[in-house]
Structure formats: C-alpha cells, structure tokens
Amino acid sequence: LSIRLNNMDFENAEELNSFFSNMNQTSLDLFNNCQSRYFLNDIISCPLNEKHLNTAIKTLDQFNLIGTLEEYDLFVNSVSKLMSWPEGTPPSKKNVNKENYGLDINNPEIFSILSKQVEYDILLYENVKRYGLIQR
C-alpha cells in the first residue's frame, strides 16, 4: 500500500480513482471513513452507511471531553483543567506535514473522489462542531 501511494500521481484524477477502485477491503478500510470507524463498537470491514454514522454519533456520548482543531487552544486548556494541570500556553502543533504531494483539493474531480472516502467522517465532524467543545 505504501509503495502504491509513493508512486501515485495525486494530480491525476483517473489514477486516484483507480487507486481506490482497485483496493482490497482491508486497505480500503484504512481510507474509507477511517475516523468514523474509530467510533464504532466493532471492526467493520465493509463500506460504511448511515447506520454506522448514527452509531458513531451515539458513541460520542461516551467521551468526557471532545474538541476540534478549530478550538484547539480551548480544548487543551479544558484538558488541563479537567486533569488539574497548571494552565499555560497550549503546546504548539508538531508533526504537521506541509507537503500536499500535488493533491489539489480545489480540483472538483479530485475533491469528488476524495469526498466519497470521507463522507461520514465529515458528517461526524460537523456533528461535533455543531455542539462546540463538549465537556461532561
């Protein structure tokens, strides 16, 4: 899988589409709504659907604190308070890859191909953002 990714031309929509179309299910599970899969009770080795999304959304209730990247500083401060750690400057984001490997998400064809792989991840994230920082 990593060799195929390393040889990919991410600017080529046909190649990107072929990449996803020719994956075995195990590899596809690593890409297809992988964030939503973390919130499911069982390992699901099939394309996700609305039922899986609803389960993932219900699973959010099991967390004491949920934050988003848009509210990073607030989330880090809330974790510090929850853990009785001294408040301070939130740590800087590390391990941030600035390379886009030629992937142009502003290309409608590329965006469409990728959107199909993260459809439920986006809906789950939007659900979390709608409520802002959730602390129980």
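A salt bridge is counted here when a side-chain nitrogen of Lys or Arg lies within 4 Å of a carboxyl oxygen of Asp or Glu. The structure to which this rule is applied is a predicted model. Under the rule, the count comes to three salt bridges.

One of these salt bridges is formed by E70 and K129, whose side chains meet at 3.8 Å, N to O. This pair links distant parts of the chain, 59 residues apart: E70 belongs to the loop between strand 1 (65–66) and helix 6, whereas K129 belongs to helix 8. K129 also meets the side chain of E126 in a salt bridge, with an N to O distance of 3.4 Å. E126 and K129 are three residues apart in helix 8, so about one helical turn separates them. K129 has a relative accessible area of 34% and is therefore partly exposed. E126 likewise counts as partly exposed because its relative accessibility is 36%. Through shared partners, the salt bridges join E70, E126 and K129 into one network.

A further salt bridge pairs R37 with D29, and here the closest N and O atoms are 3.5 Å apart. Where do R37 and D29 lie, buried or exposed? Both residues of this pair, R37 and D29, are buried.

The nonpolar interior can be considered next. In soluble globular proteins, nonpolar side chains tend to be buried together. In this model the largest nonpolar core has 10 residues in all, namely M8, F10, A13, L16, F19, F20, M23, L28, I110 and I113. Helix 2 and helix 7 are the elements that give two or more residues to this core. Helix 2 provides the largest share, four residues. M8, a member of the core, touches E15, L16 and F19 when residues up to four places away in sequence are not counted. A second, separate core comprises nine residues, including L48, A56, L124 and V128.

Spanning residues 108–117, helix 7 has I110, I113, S115 and Q117 as its buried residues. I110 and I113 also belong to the largest nonpolar core. The buried residues of helix 7 pack against helix 2 (13–21), helix 3 (25–31) and helix 8 (119–130). At the start of helix 7, a side-chain oxygen of N107 comes to within 2.8 Å of the backbone nitrogen of E109.

Which residues of helix 6 are buried? In helix 6, which covers residues 72–82, the buried residues are V76, S78 and S80. Just after helix 6, S84 adopts a positive phi of about 60°.

The remaining topic is empty space. Rolling a probe the size of a water molecule over the atoms shows where such space is left. The largest pocket holds about 450 Å³ of space. Its lining consists of 16 residues, and Q35, F39, D121, L124 and Y125 are those that lie nearest the centre of the pocket. L124 is also one of the residues of the second core. Strand 1 and helix 8 each supply at least two residues of the lining. The largest share, five residues, comes from helix 8.

Technical notes: Residues numbered from 1 in each chain as written. Predicted model: local features only at pLDDT ≥ 70, side-chain atom pairs only at ≥ 80, totals over all residues. Heavy atoms only, no water. Buried < 20%, exposed > 50% of the residue type's maximum accessible area, 1.4 Å probe, protein only. Contact = heavy atoms within 4.5 Å. Polar contact = N/O pair within 3.5 Å; in protein donor to acceptor, adjacent residues only side chain to side chain. Core = buried A, V, L, I, M, F, W, Y, C linked by side-chain atoms within 4.5 Å. 1 Å grid on protein atoms, 1.4 Å probe; cavity = no way out; pocket = protein on both sides within 12 Å on 5 of 7 lines; lining within 4 Å. Points joined across faces, edges and corners; volume = space filled by probe spheres on them.
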